[in-house]
Amino acid sequence: MSLIATKHRPMLDLNKEATRNMMTGWIALIVTTISGSTFNAYAKVLTSALSSLSLLFLSEVLTAFFILLSFGFLPVIRHFWRLHRRDIFPLITVGFLNGVAAPIMLFAGLFYTTAVNAGFYSNMQMVFMVMLAAIILHEKLTSAHVSAIATIIAGTVIISLRGFTQGLDIHYGD
């Protein structure tokens, strides 16, 4: 009888591993949401006390610390040694652009603009990544991609125009 009940209600037949994985996913989602939503506000406050290079160094050290704590030092090193030679230059280029150039421009721009504007513009990078993947890598643009792009752009426009009641405030750091 319980076999029949679990076929109709698969959520009741969760084993410990599935429950643990689901809880880990929810915890990761909550932590990511909180840290992502407070990043620009804290970075804006810190730009008055630290230079852009200091903030870059601090953010990269914290990133390395959390990666090593999450995955372990030796597994990370093993994965690096398994890379093919042809993959190293593109990975270094992407790592430099995403890990050094983008944050230093964000921290430098935060000195001159508001945290809200920085958040809007940093969220737009998702749109550019999807568009560049479609143009350069010839990735297929699905309806889910198009609706995500439309949602991001609509949200950015509505919030930055304050519900279409005011104009857009452009600052020097934008």
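The legends below describe close-up views of a predicted model.

**Figure 1. Overall fold of the predicted chain, made of 8 helices and 0 strands.** Read along the sequence, the pattern is α-α-α-α-α-α-α-α. The chain has 174 residues, and 14% of them count as buried.

Figure 2. The patch covers about 640 Å². Its members are Leu46, Leu50, Leu58, Leu62, Phe65, Phe66 and Leu69. Helix H3, which spans residues 52-71, gives the patch its largest share, 5 residues.

**Figure 3. Leu62, a member of the nonpolar patch.** Leu62 sits in helix H3. Its relative accessibility is 40%, so Leu62 counts as partly exposed. The class follows because partly exposed residues fall between the buried limit, under 20%, and the exposed limit, over 50%.

Figure 4. Leu53 is another residue found in helix H3. With a relative accessible area of 56%, Leu53 is exposed, because the exposed class begins over 50%. Leu53 and Val100 lie 47 residues apart along the chain, and 9.3 Å separates their C-alpha atoms.

**Figure 5. The largest pocket, with about 2,000 Å³ of space.** The lining of this pocket consists of 49 residues. Those nearest the pocket centre are Phe39, Asn98, Pro103, Leu106 and Gln125. At least two lining residues come from each of helix H2 (16-47), H3, helix H5 (85-110), helix H6 (115-123) and helix H7 (125-135). By residue type, the lining of the largest pocket holds 30 nonpolar, 17 polar and 2 charged residues.

**Figure 6. The second largest pocket, with a volume of about 510 Å³.** Around this pocket, 14 residues form the lining. Ile67, Val76, Phe80, Leu91 and Gly95 are the lining residues nearest its centre. H3, helix H4 (73-81) and H5 are the elements that contribute two or more residues to this lining. The lining of the second largest pocket divides into 11 nonpolar residues, 2 polar and 1 charged.

**Figure 7. Helix H3 across the views.** In this view, helix H3 (residues 52-71) is shown with the features described above. Helix H3 supplies 5 residues of the nonpolar patch. Helix H3 also gives at least two residues to the lining of the largest pocket.

Notes: Residues are numbered from 1 along each chain as its sequence is written. This is a predicted model: local features need pLDDT of at least 70, side-chain atom pairs count only at pLDDT 80 or more; totals for chains, interfaces and linings use all residues. Side-chain values use heavy atoms; hydrogens and water are left out. Patches are made of residues with over 30% relative accessible area and no salt bridge: like charges are joined within 9 Å, nonpolar side chains (Val, Leu, Ile, Met, Phe, Trp, Tyr) within 5 Å. Accessible areas come from the Shrake-Rupley method with a 1.4 Å probe; for residues, only the protein chains shown count as cover. A salt bridge is a side-chain nitrogen of Lys or Arg within 4 Å of a carboxyl oxygen of Asp or Glu. Helices (H or I, at least four residues) and strands (E, at least two) are DSSP runs, numbered from the N terminus. Buried means under 20% relative accessible area, exposed over 50%, partly exposed in between (1.4 Å probe, protein chains only). On a 1 Å grid over the protein atoms alone, a cavity is a set of points where a 1.4 Å probe fits but cannot get out, and a pocket is an open set with protein on both sides within 12 Å along at least five of seven lines; lining residues have an atom within 4 Å of a point. Grid points are joined across faces, edges and corners, and a volume is the space filled by probe spheres set on the points. Ala, Val, Leu, Ile, Met, Phe, Trp, Tyr, Cys and Pro count as nonpolar, Asp, Glu, Lys and Arg as charged, and the others, Gly among them, as polar.
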